[in-house]
Amino acid sequence: MQNSIEREREKKYQLYQAFACSRRLLPLLTKMLEGKAVMRETDMPVELQSHVMELAYKALDLHEVSDCQSIAHYIKQKFDEAYGPAWHCVVGKDFGSCITHLCGSFICFRVEMMEFLIFKDGGDFSEIKEEAIGVLQKSNNRDA
(Lines give C-alpha, C1' and ligand atoms only; values in the text may rest on other atoms or scores of the structure.)
Protein backbone atom coordinates (compact mmCIF):
# COMPACT_ATOMS: atom_id res chain seq x y z
CA MET A 1 0.00 0.00 0.00
CA GLN A 2 2.80 2.41 0.91
CA ASN A 3 4.48 1.70 -2.42
CA SER A 4 1.39 2.67 -4.45
CA ILE A 5 1.02 5.93 -2.46
CA GLU A 6 4.64 6.81 -3.15
CA ARG A 7 4.19 6.02 -6.86
CA GLU A 8 1.08 8.22 -6.95
CA ARG A 9 2.97 11.07 -5.29
CA GLU A 10 5.82 10.66 -7.75
CA LYS A 11 3.39 10.84 -10.70
CA LYS A 12 1.77 13.96 -9.28
CA TYR A 13 5.18 15.53 -8.71
CA GLN A 14 6.24 14.74 -12.29
CA LEU A 15 3.00 16.25 -13.62
CA TYR A 16 3.54 19.31 -11.47
CA GLN A 17 7.11 19.69 -12.77
CA ALA A 18 5.97 19.34 -16.38
CA PHE A 19 3.20 21.88 -15.82
CA ALA A 20 5.53 24.33 -14.07
CA CYS A 21 8.06 23.98 -16.86
CA SER A 22 5.44 24.52 -19.56
CA ARG A 23 4.13 27.59 -17.74
CA ARG A 24 7.62 29.08 -17.74
CA LEU A 25 8.34 28.17 -21.37
CA LEU A 26 4.96 29.03 -22.87
CA PRO A 27 5.44 32.82 -22.75
CA LEU A 28 8.91 32.44 -24.26
CA LEU A 29 7.66 30.18 -27.03
CA THR A 30 4.71 32.46 -27.70
CA LYS A 31 7.01 35.49 -27.92
CA MET A 32 9.32 33.64 -30.29
CA LEU A 33 6.48 32.61 -32.62
CA GLU A 34 4.51 35.83 -32.30
CA GLY A 35 4.81 38.24 -35.20
CA LYS A 36 6.72 35.97 -37.57
CA ALA A 37 6.06 37.16 -41.11
CA VAL A 38 5.36 34.49 -43.71
CA MET A 39 6.23 35.66 -47.21
CA ARG A 40 3.67 34.78 -49.87
CA GLU A 41 5.12 36.49 -52.91
CA THR A 42 7.34 39.47 -53.70
CA ASP A 43 9.46 41.13 -56.33
CA MET A 44 10.62 43.87 -53.94
CA PRO A 45 14.29 44.46 -53.06
CA VAL A 46 15.26 43.05 -49.66
CA GLU A 47 15.67 46.52 -48.12
CA LEU A 48 12.07 47.48 -48.99
CA GLN A 49 10.82 44.10 -47.77
CA SER A 50 12.48 44.70 -44.39
CA HIS A 51 11.10 48.25 -44.20
CA VAL A 52 7.51 47.25 -45.01
CA MET A 53 7.56 44.39 -42.50
CA GLU A 54 8.95 46.70 -39.83
CA LEU A 55 6.11 49.14 -40.61
CA ALA A 56 3.58 46.30 -40.43
CA TYR A 57 4.79 45.30 -36.96
CA LYS A 58 4.74 48.94 -35.85
CA ALA A 59 1.23 49.45 -37.26
CA LEU A 60 -0.01 46.35 -35.43
CA ASP A 61 1.45 47.74 -32.21
CA LEU A 62 -0.10 51.19 -32.73
CA HIS A 63 -3.59 50.13 -33.85
CA GLU A 64 -6.21 47.59 -32.87
CA VAL A 65 -5.81 44.40 -34.91
CA SER A 66 -9.43 44.74 -36.03
CA ASP A 67 -8.78 48.25 -37.43
CA CYS A 68 -7.41 47.12 -40.81
CA GLN A 69 -8.04 50.49 -42.44
CA SER A 70 -5.85 52.36 -39.93
CA ILE A 71 -3.11 49.74 -40.24
CA ALA A 72 -3.17 50.00 -44.06
CA HIS A 73 -3.27 53.82 -43.95
CA TYR A 74 -0.24 53.92 -41.63
CA ILE A 75 1.85 51.68 -43.91
CA LYS A 76 0.76 53.53 -47.09
CA GLN A 77 1.51 56.93 -45.58
CA LYS A 78 5.00 55.89 -44.43
CA PHE A 79 5.83 54.31 -47.81
CA ASP A 80 4.54 57.38 -49.69
CA GLU A 81 6.80 59.56 -47.52
CA ALA A 82 9.83 57.32 -47.98
CA TYR A 83 9.50 56.27 -51.64
CA GLY A 84 7.16 58.78 -53.30
CA PRO A 85 3.40 58.66 -53.92
CA ALA A 86 1.15 56.02 -55.50
CA TRP A 87 1.68 53.20 -52.98
CA HIS A 88 -1.30 51.03 -52.12
CA CYS A 89 -1.79 48.86 -49.06
CA VAL A 90 -4.47 46.24 -48.40
CA VAL A 91 -4.71 44.64 -44.97
CA GLY A 92 -7.18 42.03 -43.77
CA LYS A 93 -7.92 38.45 -42.92
CA ASP A 94 -9.67 37.55 -46.17
CA PHE A 95 -9.53 39.40 -49.49
CA GLY A 96 -8.93 38.80 -53.16
CA SER A 97 -6.94 40.97 -55.52
CA CYS A 98 -6.09 41.50 -59.15
CA ILE A 99 -3.62 44.35 -59.59
CA THR A 100 -1.11 45.97 -61.90
CA HIS A 101 2.04 47.21 -60.21
CA LEU A 102 5.43 48.62 -61.00
CA CYS A 103 8.14 46.00 -61.25
CA GLY A 104 10.01 45.69 -57.95
CA SER A 105 7.23 47.17 -55.84
CA PHE A 106 5.02 44.18 -54.94
CA ILE A 107 4.88 42.23 -51.70
CA CYS A 108 2.31 39.96 -50.12
CA PHE A 109 2.92 38.46 -46.68
CA ARG A 110 1.16 37.30 -43.53
CA VAL A 111 1.76 38.17 -39.90
CA GLU A 112 -0.20 35.81 -37.65
CA MET A 113 -3.73 35.82 -39.13
CA MET A 114 -3.41 39.19 -40.94
CA GLU A 115 -2.57 39.40 -44.66
CA PHE A 116 -0.67 42.37 -46.12
CA LEU A 117 -0.55 43.38 -49.78
CA ILE A 118 1.57 46.41 -50.67
CA PHE A 119 2.39 47.64 -54.17
CA LYS A 120 3.12 50.80 -56.14
CA ASP A 121 0.76 51.87 -58.88
CA GLY A 122 1.68 51.51 -62.55
CA GLY A 123 2.83 55.05 -63.30
CA ASP A 124 1.68 58.39 -64.61
CA PHE A 125 -1.89 58.11 -65.87
CA SER A 126 -1.56 61.12 -68.21
CA GLU A 127 1.13 59.28 -70.18
CA ILE A 128 -0.95 56.10 -70.26
CA LYS A 129 -4.00 58.08 -71.45
CA GLU A 130 -1.96 59.76 -74.22
CA GLU A 131 -0.57 56.37 -75.31
CA ALA A 132 -4.06 54.89 -75.42
CA ILE A 133 -5.36 57.83 -77.49
CA GLY A 134 -2.40 57.48 -79.87
CA VAL A 135 -3.07 53.76 -80.34
CA LEU A 136 -6.76 54.43 -80.91
CA GLN A 137 -6.00 57.15 -83.51
CA LYS A 138 -3.57 54.86 -85.36
CA SER A 139 -6.19 52.12 -85.36
CA ASN A 140 -8.86 54.50 -86.74
CA ASN A 141 -6.45 55.74 -89.47
CA ARG A 142 -5.84 52.14 -90.63
CA ASP A 143 -9.55 51.41 -90.74
CA ALA A 144 -10.27 54.52 -92.89
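I began with helix α3, which lies across β2 and β4 and runs at about 155 degrees to β2. Axes here are lines fitted to C-alpha atoms, for helices over the stretch in contact, and angles run from 0 to 180 degrees between N-to-C directions. Helices (H or I, at least four residues) and strands (E, at least two) are DSSP runs, numbered from the N terminus.

I noted the source. This is a predicted model, in which local features need pLDDT of at least 70, side-chain atom pairs count only at pLDDT 80 or more, and totals for chains, interfaces and linings use all residues. Residues are numbered from 1 along each chain as its sequence is written, and side-chain values use heavy atoms, with hydrogens and water left out.

**Helix α3**

I looked up which residues of α3 are buried (under 20% relative accessible area; exposed is over 50%, partly exposed in between; 1.4 Å probe, protein chains only). They are Ile71, Ala72, Tyr74, Ile75 and Phe79. Seen down the axis of α3, these buried residues fall within an arc of 160 degrees, so they line one face of the helix. The arc is that of the directions from the helix axis to the C-beta atoms. The face turned away from the buried side carries the exposed residues Gln69 and Glu81. I then listed what covers the buried residues; the cover includes α2 (46–62), β2 (87–92) and β4 (114–120). Just after α3, Gly84 takes a positive phi of about 90 degrees.

**The sheet**

I traced four strands in an open sheet, in the order β1-β3-β4-β2, with antiparallel pairing. β1 (37–42) and β2 stand at the edges with a single partner strand each, so one side of each is left without a neighbour in the sheet. Two strands pair if DSSP finds at least two bridges between them. β1 and β3 pair in the antiparallel sense over five bridges. I checked Thr42, and its bridge partner in β3 is Ile107.

**Phe109**

I found Phe109 in strand β3 (residues 107–111). Phe109 is buried, with a relative accessible area of 0%. Leaving aside neighbours within four places in sequence, its contacts (heavy atoms within 4.5 Å) include Ala37, Val52, Met53 and Phe116.

**Cysteines**

I searched the whole structure for disulfides (a pair of cysteine sulfur atoms within 2.5 Å) and found zero. Cys89 is buried at 15% relative accessible area, whereas Cys98 is exposed at 80% relative accessibility.
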